[in-house]
Amino acid sequence: AENWTDVSALADVPDDDVTAVMVGGAELALYGVDGTVFATDNICTHGHARLCDGFLDGHEIECPLHQGKFDIRSGHATCQPATDPLRIFPVKIENGRVFVDLG
Ligand code: FES
């Protein structure tokens, strides 16, 4: 089922960087890339690190703890020691707000 939820103002999502928002008791990471917004879980699948503290390079987020990497479009782990995929969420922009489908 779709569950579109208003999570942020578009203006609060940084360009070519990552920020975190609290949604329903869990944190999501929001990434701004070339005017598009992507959303994933904020906690790394390898350990308890917050990806909002990591480094975004293009569409790849590097975990701040062990430098594992994920593609934020697919959630696929792209660099060890991260192996399990990151959960991703559909995003749409309406009237300057960012909506995430929490499913
Ligand atoms: Fe993210 Fe280890 S906690 S790579």
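In this predicted model, Leu30 stands opposite Ala39 in strand E4. The two strands concerned, E3 and E4, run antiparallel and are joined by 6 bridges, and together they form a hairpin with 2 residues between them. In the turn of that hairpin, Asp34 has a positive phi of about 50 degrees. On to the next partner of E4: strand E9, which covers residues 88–89, runs antiparallel to E4 and is joined to it by 2 bridges, with Thr40 standing opposite Ile88.

A further set of strands forms an open sheet of 3 strands in the order E1-E11-E10, with antiparallel pairing. Its edge strands are E1 (4–9) and E10 (91–94), each of which pairs on one side only, and neighbouring strands of this sheet are turned by 35 degrees against each other on average, direction ignored. Between E1 and E11 there are 5 bridges, and Thr5 stands opposite Val100 in E11. Strands of a sheet pair through backbone hydrogen bonds, either parallel or antiparallel.

| Strand pair | Bridges | Direction | Residues standing opposite |
|---|---|---|---|
| E3 and E4 | 6 bridges | antiparallel | Leu30 and Ala39 |
| E4 and E9 | 2 bridges | antiparallel | Thr40 and Ile88 |
| E1 and E11 | 5 bridges | antiparallel | Thr5 and Val100 |

Some of these residues return in the largest nonpolar core, which has 26 residues, and among them Val18, Ala29, Leu30, Tyr31, Ala39 and Val100 touch the most other members. Strands E3 (26–33), E4 (36–41) and E11 (97–101) each supply at least two residues of this core, and the largest share, 4 residues, comes from E3. Val18 touches Ala29, Leu30 and Tyr31, and its other contacts include Leu51, Cys52, Leu56 and Ile61, when residues up to four places away in sequence are not counted. In soluble globular proteins, nonpolar side chains tend to be buried together.

Taken as a whole, the protein has 0 helices and 11 strands. Its radius of gyration is 13 Å, close to the 13 Å that the globule rule gives for 103 residues, so the protein is as compact as a globular protein of that length. The C-alpha trace spans about 40 × 30 × 20 Å along its principal axes, and 30% of the 103 residues count as buried. Among the contacts with a separation of 6 or more, 39% are accounted for by residues 24 or more positions apart.

How values were computed: Residues are numbered from 1 along each chain as its sequence is written. This is a predicted model: local features need pLDDT of at least 70, side-chain atom pairs count only at pLDDT 80 or more; totals for chains, interfaces and linings use all residues. A nonpolar core is a set of buried Ala, Val, Leu, Ile, Met, Phe, Trp, Tyr and Cys residues joined through C-beta atoms within 7 Å. A residue is buried if 20 or more other C-beta atoms lie within 10 Å of its own, exposed if 12 or fewer, and partly exposed in between; C-beta atoms are placed from the backbone. Two residues are in contact if their C-beta atoms, placed from the backbone, lie within 7 Å. Two strands pair if DSSP finds at least two bridges between them. Axes are lines fitted to C-alpha atoms, for helices over the stretch in contact, and angles run from 0 to 180 degrees between N-to-C directions. The radius of gyration is taken over C-alpha atoms; the globule rule is 2.2 Å times the number of residues to the power 0.38.
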